[in-house]
Amino acid sequence: MGKVRISLPVALSALAGFALYSGELNGQGWWMAMGVFLMSCGSGAMNHWQERKTDALMPRTKLRPIPSGKVSSLQGALVVLLYLASGSLVLVFTNPPIALILSWLTLFFYNLVYTPLKKVSAFAVIPGSMVGALPPVIGWTAAGGEPFAETILIVGTFFFIGQIPHFWLLLMLFGDQYKLAGLPSLNSIFSEVQIKRVTYTWILTTVASALLVLFFVFSNRILLFLLLGYSVYLLISLTRSVLFQKDFKVRPAFFKLNFLYLFMMLFLIADSLLR
């Protein structure tokens, strides 16, 4: 229920923000990452509980713990409380209050903005993308940085923009299943060609925001050129797929884009430690 595959990258991006300001990964940073991980697990579990009825209608989600009957609704709610209480306690006793406040703000955007809004609009992904922007800010401020410092705003902007094509590619993959659950889908708003073009535009914007991070945040030239090389490869690969191939392979594009986010987190940490 904690959506570990999502919560781990969330914690990693928070750790990247911490390292970016402090230049090290000390005990406080690891406790911060643990607290953020538990808070993210709580947010994921709450999403399971919130969407238990619609999850039962989609093949992709019907085997999740609550709709499959493995976990009752009450047990699911208790899991949510356990995760959130544990994460909050870890952050309260190991980090400044701002880390907990921003963690709860992230939960607010995911569970109280994005989750209910996606029942009425396929564009819920835009405000929902704050869940990608805030974790690195949590780490940065936990280490002592100002939340509106230029460096972390550039990094946060990359993760904010990057969430949008990430979500839209998911909608392209599972749009038909969203219809089964009565959820708005891009497929009912745009044609397939239009969806490809809009998604491609967001991918271009993501790559452009990655370049801002590379040229205004990174200091290690080797890491910069490695990530620049992957960004160019991603751009060429997806451009060819969108513009010159009849069928846009959504799943490979989804994974290639996610690798950009992963490399960005790892390289930000490495760059910070090598300064």
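**Figure 1. The crossing of helices α2 and α5 is right-handed in this predicted model.** A crossing counts as right-handed if the near helix is turned clockwise from the far one by less than a right angle, and as left-handed if anticlockwise. Helices are DSSP runs of H or I with at least four residues, strands are runs of E with at least two, and both are numbered from the N terminus. The axes of α2 and α5 (residues 97-117) come within 10 Å and cross at roughly 15°. Axes are lines fitted to C-alpha atoms, for helices over the stretch in contact, and angles run from 0 to 180 degrees between N-to-C directions. The two helices, α2 and α5, are therefore roughly parallel, a term for angles under 35 degrees, whereas those over 145 are roughly antiparallel. On the α2 side, Val 36, Met 39, Ser 43, Met 46, Asn 47 and Gln 50 meet residues of α5, among them Trp 104 and Tyr 110. Contact means heavy atoms within 4.5 Å. The contact of α2 with α5 comprises six nonpolar, six polar and no charged residues. Here Ala, Val, Leu, Ile, Met, Phe, Trp, Tyr, Cys and Pro count as nonpolar, Asp, Glu, Lys and Arg as charged, and the others, Gly among them, as polar.

**Figure 2. Helix α2 (residues 27-50) packs against helix α4 (residues 73-94).** The angle between α2 and α4 is about 160°, and their axes lie 8 Å apart. That makes α2 roughly antiparallel to α4. The crossing of α2 and α4 is left-handed. In the contact of α2 with α4 there are 16 nonpolar, 10 polar and no charged residues.

**Figure 3. Lys 3 has a positive phi, near 50°, in a residue other than glycine.** Most residues other than glycine have a negative phi. Lys 3 lies in the segment before α1 (4-22). Lys 3 is buried, with a relative accessible area of 18%; buried means under 20%, exposed over 50% and partly exposed in between, for a 1.4 Å probe and protein chains only.

**Figure 4. The protein contains 11 helices and zero strands.** The C-alpha atoms fill a box of roughly 50 × 50 × 25 Å along the principal axes. Of the 275 residues, 52% count as buried.

**Notes.** Residues are numbered from 1 along each chain as its sequence is written; side-chain values use heavy atoms, without hydrogens and water. Local features need pLDDT of at least 70 and side-chain atom pairs count only at pLDDT 80 or more, while totals for chains, interfaces and linings use all residues.

Methods: Angles under 35 degrees count as roughly parallel, over 145 as roughly antiparallel, 65 to 115 as roughly perpendicular and the rest as oblique.
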